[in-house]
Amino acid sequence: MNALEARGVRVTLGGATILDGVDLTVAAGEWVAVIGPNGAGKSTMLRAVGGLLPAAGAISIFGTSTGRLSRRQRARLVATVAQSPVVPAGMAVLDYVLLGRTPYVPPLGRESTADLAAAREVLTRLDLHRFARRELATLSGGERQRVFLARALAQGAPLLLLDEPTTALDIGHQQEVLDLVDGLRRDRGLTVLATMHDLSIAGEYADRMVLLAGGRVAASGTPREVLTEELLATHYGARVRVIEGDH
Ligand code: ADP
Ligand code: MG
Ligand code: MG
């Protein structure tokens, strides 16, 4: 079964056409990277899939059209980590992760034992349990990114949307976060759709890539098929080193 099938997705913002008929299929268990130059519409595509902005076209998640899902049902199927999530002032890590369980109710001690257990289990899985009572704002960039992931995982959704999950992390922490996501994909059968900035890193982790340019799909396929000198020169206007060897 496909985790995601999007057909002819069209988004208009402030009178401008941002996505102009994007098709995107992600099989269950796959990691698909959305790449493309700044302003191509990558974040907008993720927001459309995540139900965070209105989009025309057809979007199905695990076989169900999103038009037939309530917000709550959709949240059980798809979880999003934004590019730079807001860090609420004064909020402890555990309370932040609990937002994944009770998104519409601030966790004011009203969370159920089951929600608390789920949040704690995710914190342990991501090696964050020792930070449970720490204020989120005091964590380092890499630790914080793991907490953002933890909130999404606590939601329990099988499709994870990550918008540039490693922006502002050094190479070691980038790999740490992406290895963690890859491990979760294997252990929990998660499906990953991620916008990725660094093309060589994207090529290492993704099964397939979709290159967006000007709100349309310019190319899609394996990293080897998409990361060609010609495509990158055309769409990034830069000389970029392409992947060597077998992928
Ligand atoms: P990417 O993530 O690929 O860098 P985005 O999806 O963030 O691109 O943005 C795509 C285009 O849509 C950009 O030109 C951006 O300025 C525009 N855009 C994004 N949000 C809005 C908005 N709310 N109103 C008008 N234009 C927007
Ligand atoms: Mg951008
Ligand atoms: Mg973006």
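This is a predicted model: local features need pLDDT of at least 70, side-chain atom pairs count only at pLDDT 80 or more; totals for chains, interfaces and linings use all residues.
A residue is counted here as buried when its relative accessible area is under 20%, as exposed when that value is over 50%, and as partly exposed in between.

The chain forms 9 helices and 10 strands. Its radius of gyration is 18 Å, close to the 18 Å that the globule rule gives for 247 residues, so the protein is as compact as a globular protein of that length. Taken along the principal axes, the box filled by the C-alpha atoms is roughly 55 × 40 × 35 Å. Contacts that reach across the sequence are well represented: among those between residues at least 6 apart, 65% join residues at least 24 apart.

Several pairs of atoms show how the ligand is held in view of its neighbours. From the backbone, an N or O atom of G39 lies 2.8 Å from an oxygen atom of ligand 1. Side chains take part too: an N or O atom in the side chain of K42 is 2.8 Å from an oxygen atom of the ligand, and for the side chain of S43 the corresponding distance is 2.9 Å. On its own, ligand 1 has 570 Å² of accessible area, of which the protein covers 57%.

Two residues deserve a look for their backbone geometry. Most residues other than glycine have a negative phi. D127, however, has a positive phi, near 55 degrees, without being a glycine. This aspartate is found in the loop between α4 (113–125) and α5 (141–154). With a relative accessibility of 40%, D127 counts as partly exposed, because that value falls between the cut-offs of 20% and 50%. E164 is also a residue other than glycine with a positive phi, in this case about 45 degrees. Its position is in the loop between β7 (159–163) and α6 (171–188). The relative accessible area of E164 is 9%, so this residue is buried, the limit being under 20%.

A16 has its place in strand β2, which covers residues 16–27. At a relative accessible area of 33%, A16 is partly exposed. Between A16 and L169 there are 153 residues of separation in sequence, and their C-alpha atoms are 32 Å apart in space. I171, in turn, belongs to helix α6. Its relative accessibility is 51%, so I171 counts as exposed, the cut-off being over 50%. The C-alpha atoms of I171 and E204 are separated by 13 Å, with the two residues 33 apart along the chain.

Key. Residues are numbered from 1 along each chain as its sequence is written. Chains are lettered from A and ligands numbered from 1 in the order in which they are written. Side-chain values use heavy atoms; hydrogens and water are left out. A polar contact is a pair of N or O atoms within 3.5 Å; within protein, one must be able to donate a hydrogen and the other to accept it, and residues adjacent in sequence count only if both atoms are side-chain atoms. Accessible areas come from the Shrake-Rupley method with a 1.4 Å probe; for residues, only the protein chains shown count as cover. Helices (H or I, at least four residues) and strands (E, at least two) are DSSP runs, numbered from the N terminus. The radius of gyration is taken over C-alpha atoms; the globule rule is 2.2 Å times the number of residues to the power 0.38. Contact means heavy atoms within 4.5 Å. Buried means under 20% relative accessible area, exposed over 50%, partly exposed in between (1.4 Å probe, protein chains only).
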